[in-house]
Amino acid sequence: MRACPSGTDVGECNAGTQHCDEHGVWGPCEGAVGPTAEACNGRDDDCDAAIDGATAAASCGAAARALEVGCTAGDCVVTQCASGWRDCDGGFANGCETQLGALEACAGCGDVCGWDCEASGCNDATAIDAGNDHACALRETGSVVCWGSNTVGQLGNDSMANSATPVAVTGLSDVEAIAAGGAHTCALSTSGTVRCWGDNSSGQLGNGSMMRSPVPVPVTGLTEVQAIAAGSAHTCALLGGGGVRCWGANRSGQLGNGSTTLSASPVSVSGITTARAIALGGAHSCALIADGSMRCWGANGSGQLGDDAVSSSSVPVSVDLPSTAAAVTTGDVHTCALSSTGTVLCWGENSDGQLGDGSLSSRRVPTAVIGLSDVQGIGAGAYHTCAVLAGGSALCWGLNTHGQLGSDVIGTSSTPVAVAALSGGNEISGGGNHTCALRASGGVACWGRNHAGQVGDGSTMNRLEPVAVIAP
């Protein structure tokens, strides 16, 4: 039974006498008027009780640079653009009008990219890490780029040529964390496995060999990894259960397994079962424990283990912390912790002021960095240290022979100095004699020594203050 517009019920229409009026509703049962082909007009042209049915898009025709078109609320729309194009204005007549591949194009689509734009939109950096003379960035897509020294393949692009601009690491697309060491680099995949590349003279790639690799190779026998860290010539992984496994150089006991014999495959660190963060220095290692305490192991000639001693230890020892820690970072022979209150404590070698306590005296127990509060992140280089404040500015202290403090001057400082022209900082990482910062926008900036292109600005000139790393 259908209701006629006149309000009179006339029963079901006989076969062949159905009728839809121009508004897409049932009209009087008069005349042999059949349904027409569905069009994208907001009506039920084929009288199947579905307005703009599945075949409506066929009436729209083609749109420039569009792979698929559709019909929504009576209007033809682009549902899929050809690769490298986007429909940013929603207009069907001009199809996919914006060609991507430049920041300007992404901005035209309303995307504000901090670093790079590709066909799918922004592909900014989400994490950074600086090695001795190179640096790497993790990108939104799960890929990794590196720049700087590549003498042993630490850039991972299947070459040994330095690069002053970022190059893509071969074969990586599912990465969630990165770690840059002395001359090697590692990546943690979303599946919980680890791949490493570069120098392997001490077994730091963890694949059971001592042969360097200019492309990523899997670390033997590691699964369910939650975090990774790289030292000068050793590497460690934090497992999901809170344990830690390490591999590589071990002359000072930095693998933490009670021996001083190097291992080209992962070995378990003794007595660590509830770690939640790890950091590796030149020849020592540290773990932040779930309760806010810390354990360190390895070389200790300058007190970098923080246990009020100078004897190396091949098993973890407790750090004499005055308060709980929220993060840890390690330099070549010093260590720093971000306290849960937003202050910073450092210990170990201090000949270049890298402890930030206003002196040049080494410390065997944690000592407060002068004048720091509201710190949200820390990063240590070989002989300098930096902190990002809650507002996005940064301060650094220690060795400054190549401008690694970013203060626009040369000269060591035993107290924190402001990094020039850096705002919106989100993460900071110290290298050998250079420093890199990740901005909250996704852009990357570096400064300091640049002889191998590790600043990433396309030059090999030292930079005394932050410069933008060129987008890949």
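1. The S-S torsion of Cys40 and Cys71 is about 90 degrees in this predicted model, so the disulfide is right-handed. The sulfur atoms of Cys40 and Cys71 are 2.2 Å apart. This pair links distant parts of the chain, with Cys40 in the segment before strand E1 (66-72) and Cys71 in strand E1, 31 residues apart.

2. The two ends of that bridge fall into separate accessibility classes. Cys40 has 11% relative accessibility and therefore counts as buried.

3. The structure holds 11 disulfides, among them Cys286 to Cys296, with an S to S distance of 2.1 Å. The torsion here is about 110 degrees, so this disulfide is right-handed. Cys286 lies in strand E20 (residues 284-289) and Cys296 in strand E21 (residues 294-298), 10 residues apart. Both Cys286 and Cys296 are buried.

4. A further disulfide joins Cys436 to Cys446, with S to S 2.1 Å. Its link is right-handed, with 105 degrees about the S-S bond. Cys436 belongs to strand E32 (residues 434-439) and Cys446 to strand E33 (residues 444-448), 10 residues apart. Cys436 and Cys446 are each buried.

5. The largest pocket contains about 1,000 Å³ of space. Its lining comprises 46 residues, and Asp129, Ala279, Val328, Thr329 and Ser429 lie nearest the centre. Elements that give two or more residues to this lining include strand E7 (125-130), strand E19 (275-280), strand E23 (325-330) and strand E31 (425-430). By residue class, the lining divides into 22 nonpolar, 21 polar and 3 charged.

Notes
Residues numbered from 1 in each chain as written. Predicted model: local features only at pLDDT ≥ 70, side-chain atom pairs only at ≥ 80, totals over all residues. Heavy atoms only, no water. 1 Å grid on protein atoms, 1.4 Å probe; cavity = no way out; pocket = protein on both sides within 12 Å on 5 of 7 lines; lining within 4 Å. Points joined across faces, edges and corners; volume = space filled by probe spheres on them. Helix = DSSP H or I, 4+ residues; strand = E, 2+ residues; numbered from the N terminus. Nonpolar A, V, L, I, M, F, W, Y, C, P; charged D, E, K, R; others polar. Disulfide = S-S within 2.5 Å. Buried < 20%, exposed > 50% of the residue type's maximum accessible area, 1.4 Å probe, protein only.
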